Amino acid sequence: MWRYLVRRLIAAVVVVVGVSFVVFLVLHLTPGDPAQVLLGPRATPDDLARLRQELGLDRPVLIQYLRWASHVLRGDFGRSIMQHRAVLPELVRRFSATLILTAGGVLLAFPLGTLVGIVAAARQGTPVDRLMTAAAMLGVSMPAFWVGLLLIITFSVHLGWLPGAGMYSPTGSGGLTDLLVHLVLPAITLALVPLSIIARLTRSSMLDVIGEDYIRTARAKGLSDRTVIGRHAFRNILVAMATVFGLQAGFLLAGAVYVETVFSWPGIGFMMVNAILTRDFPLVQGGVLLVATTYVLINLGTDLLYAYVDPRIRYG
Amino acid sequence: MKRTARWQVLVAVGLVVGWLLVGAGTPQAGPAAKTLVVGLVAEPTSMDPGQLTDVNSMRVLSSVYDTLVRFKEESFTLEPGLATSWTISEDGLQYTFTLRQGVKFHDGSPFNAEAVKFTYDRLLDPKHPYANTGPFPFAGFYYGAVKQVTALDASTVRFTLKQPFSPLLNNLTLNTGRIVSPAGVKKWGKEFASHPTGTGPFKFVSWEKNVRIVLDANPGYWDGRPRLDRLIFRPLPEEQTRVTELLSGGVDFIVDVPPDNIDQVRKDARFVFYQQPGPHVWWVTLNVNKKPFSDVRVRQAANYAVNKEAIVNDILKGTATVSSGPVPPAITWAYTDQVARYPYDPAKAKQLLAEAGYPSGFPAIFWIPESGSGMQSPKTMAQAIQADLAVVGIKVQIQTFEWGAYLNQYGKGFGTAADMGALSFMLDPGDPAPMLSLILDGHALPPNGFNGGYYKNAEVDSLLDAATRTVDLKRRGELYRKMQQIVATDAPWIFIDHALQNAAGLKKVTNFKLHPSFYMFFNKIGVNQ
């Protein structure tokens, strides 16, 4: 187990370094640099040259990468070229915002999705099942940014119940209540697709399991429906669930980009899109490092979860 | 036992839900007496004026800082700012300013000639001890002609130039040259970008990154205390979000109402819609180095073929006016409409093409950015231009680039790879120089400038040069008018439009005026309670 963990962690470091290097290379090979974006059409050759020198862009790409990497190893992520502030606190701020949003999405999507799936499977063929299946189908098909706009129009503009933008109200105290109120609509928007996917997968896994011999045996023993589904069947769909949870956690993190844009949620996805468009190299690099690390850790966590939920799986 | 546990869970969930609902109904913490909340199009990039390159951030800084010289309300006419008067030497090489006395920075340090010298030395001298608080991208472009800044006494400062550069006064109104507190820069170093200290009508209070910027009225402001007590800026980058926040009361005021929502805001009795011409130009550069656009008749034909009214009315929904040359009408002292005009006339275009030897048209490559500062709706506009040109036989193939890559491509010149390319600029100094010298001048062919289509006309070059050196504004206006007439006839561009700037706010916001420079001034604005 420990040897496996160490091996995976070493591999994770290799993946993260590889990703950061490839992104750095791709970004520098793309035409256009921050100096050009800053100056726009006001770019005289002298100003361009001076700005490139001040930003260190006149050095070879490999040297630039090594300089960046050596600084990062010392905990210095540099300063954003476009935002004129230190990268690390900005990443922390942005990533926390995304994590809050993602956590909201996870808390809605995972339990609700599982519950809907199990209920639908247990009531297979009934109107309840058909309604839930149709709703899940609809949920998967609706793009998040569109749902977000509909929710804003309904609940912010027409009803005026919930705020439709930002994390805190501009004149408010900025406390936890303020945050939660602002979180409701974006979290629902973000959760909708994963919730539907999880519901559909739970339902089909559950139906597979319910057809197994041991379930028939359990029923034959006279166990209650609740025990059969809750203990015997549910336990056996957990491996499939762990996989989809891992994938969906990644999806939630990625899907946050759209939701962040629609709700002006100051998260990392929205920041990355802008940073890439404006060639803000230090910010992109820092963001990539953080996001890649998170993905690798989620994957690792999922694999470890397998062993926990299914005693037959052992890593050596 | 089990049952109890379930009840406990249910009660807990009920409590949380109830708390959420109660929380949602709680009114927000009491705002200061007169507060205005403004929705911006993006998070400001910095609050150090020298570092800025985007209009959005500049709109915030006009409330915190002052300039030596400024524009009057709603015009490009100069008036005293932190300088009360100025004289220009005969040879146009020395500008001497008398400074306003008794003005203090928000940190309590005095505003004087040394502060002016510090501000400009920091921008222009790479060896200045605080040059490392940069970079300052626009400093060279607007103030590169300045050789040295001298403090003659506490309230007199002199700018000595390398060569006559008449746009200097207008350029001093720009955001880049706002006067910063030397004590503030020394105290904060690189973090000055987040701790702005100026002499302006509002003092910086706090900046919660990506959430809001809070400014409070400067009670001792030399031009009168602002009517507002508190000014809050919120970044709302998504267009629809910005509008819905205004509709739902999350902000009192927004800038850049998207064209599709203007009608809605206009018809709503709760709001006032503001619109004004700005110094913006959007055009299509034609490659005059390469057939067929090397023939002036073909270039004129292209101008006749494009239905600019339709672009302005249908795509831009009236948020722009049709352009007839490289100088926007907002710059009244330099603008003329007495130039060759190209009304929509496909028949005339076909005739000109036939005369030039292209009766059945030709294929052309058209470069556009997918988005970009000041580019409006480049894809939709390019498609309309493509459709119009197809009618007269010019078969346009559009090639789209992402903005950073596009600037790179355009700056290198079209070479033989492209026949057309869209671009726009903003003349926020209210002066065609030095922008036109970098875009239209024969000395600015790539790689020396941004004249990507290689237009070169000796007379235009000398007019632009003379206009940059002449001090007298009336004479400069004549030179620019003459230049516009030649350029309109030469038609090196398809002249498309000049954007109108807009904003919308609640009725209770009083005395707001847009400024043609696209900057925003909030010191005279009030809020009726």
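This is a predicted model: local features need pLDDT of at least 70, side-chain atom pairs count only at pLDDT 80 or more; totals for chains, interfaces and linings use all residues.
We can begin with the contact between the chains. On the chain A side, 49 residues are in contact with chain B, and 61 residues of chain B are in contact with chain A. The size of an interface is often given as the accessible area lost when the parts come together. For chain A and chain B the buried area comes to about 4,800 Å², with carbon and sulfur atoms giving 61% of that area. Charged pairing is part of the picture too, as four salt bridges are counted between chain A and chain B. One of the salt bridges links A:Arg85 to B:Glu43, and the closest N and O atoms of this pair are 3.1 Å apart. Sorted by class, the residues of chain A that touch chain B are 23 nonpolar, 16 polar and 10 charged.

Within chain A itself, the domain assignment gives domain 1 (1–74) and domain 2 (93–309). The centres of these two domains of chain A, taken over C-alpha atoms, are separated by 33 Å. Contact between them involves 24 residues of domain 1 and 17 residues of domain 2 of chain A. Together the two domains of chain A bury about 1,700 Å², and carbon and sulfur atoms give 79% of this area. Of the area that domain 1 of chain A buries against domain 2, 31% is supplied by A:Arg8, A:Val16 and A:Leu27, more than by any other three residues.

Three elements of chain A, α1 (2–29), α2 and α4 (61–73), each give two or more residues to the side of domain 1 that touches domain 2. Helix α1(A) gives the most, with 13 residues. By class, this side of domain 1 of chain A holds 18 nonpolar, four polar and two charged residues.

B:Thr199 lies in the loop between α6 (182–188) and β8 (202–208) of chain B. This threonine counts as buried because its relative accessibility is 1%, below the 20% cut-off. The side chain of B:Thr199 makes a polar contact with the side chain of B:Asp66, at 2.8 Å. Beyond its sequence neighbours within four places, B:Thr199 is in contact with residues including B:Val64, B:Leu82, B:Phe105, B:His106, B:Asn218 and B:Trp222.

B:Asn170, in turn, is found in helix α5 (residues 168–172) of chain B. With 6% relative accessibility, B:Asn170 also counts as buried. Leaving out residues up to four places away in sequence, B:Asn170 touches B:Phe71, B:Leu78, B:Pro429, B:Gly430 and B:Asp431.

Notes: Residues are numbered from 1 along each chain as its sequence is written. Chains are lettered from A and ligands numbered from 1 in the order in which they are written. Side-chain values use heavy atoms; hydrogens and water are left out. Contact means heavy atoms within 4.5 Å. Buried area is the accessible area (1.4 Å probe) that two parts lose on being put together, summed over both. A salt bridge is a side-chain nitrogen of Lys or Arg within 4 Å of a carboxyl oxygen of Asp or Glu. Ala, Val, Leu, Ile, Met, Phe, Trp, Tyr, Cys and Pro count as nonpolar, Asp, Glu, Lys and Arg as charged, and the others, Gly among them, as polar. Helices (H or I, at least four residues) and strands (E, at least two) are DSSP runs, numbered from the N terminus. Buried means under 20% relative accessible area, exposed over 50%, partly exposed in between (1.4 Å probe, protein chains only). Domain bounds come from an automatic or database domain assignment. A polar contact is a pair of N or O atoms within 3.5 Å; within protein, one must be able to donate a hydrogen and the other to accept it, and residues adjacent in sequence count only if both atoms are side-chain atoms.
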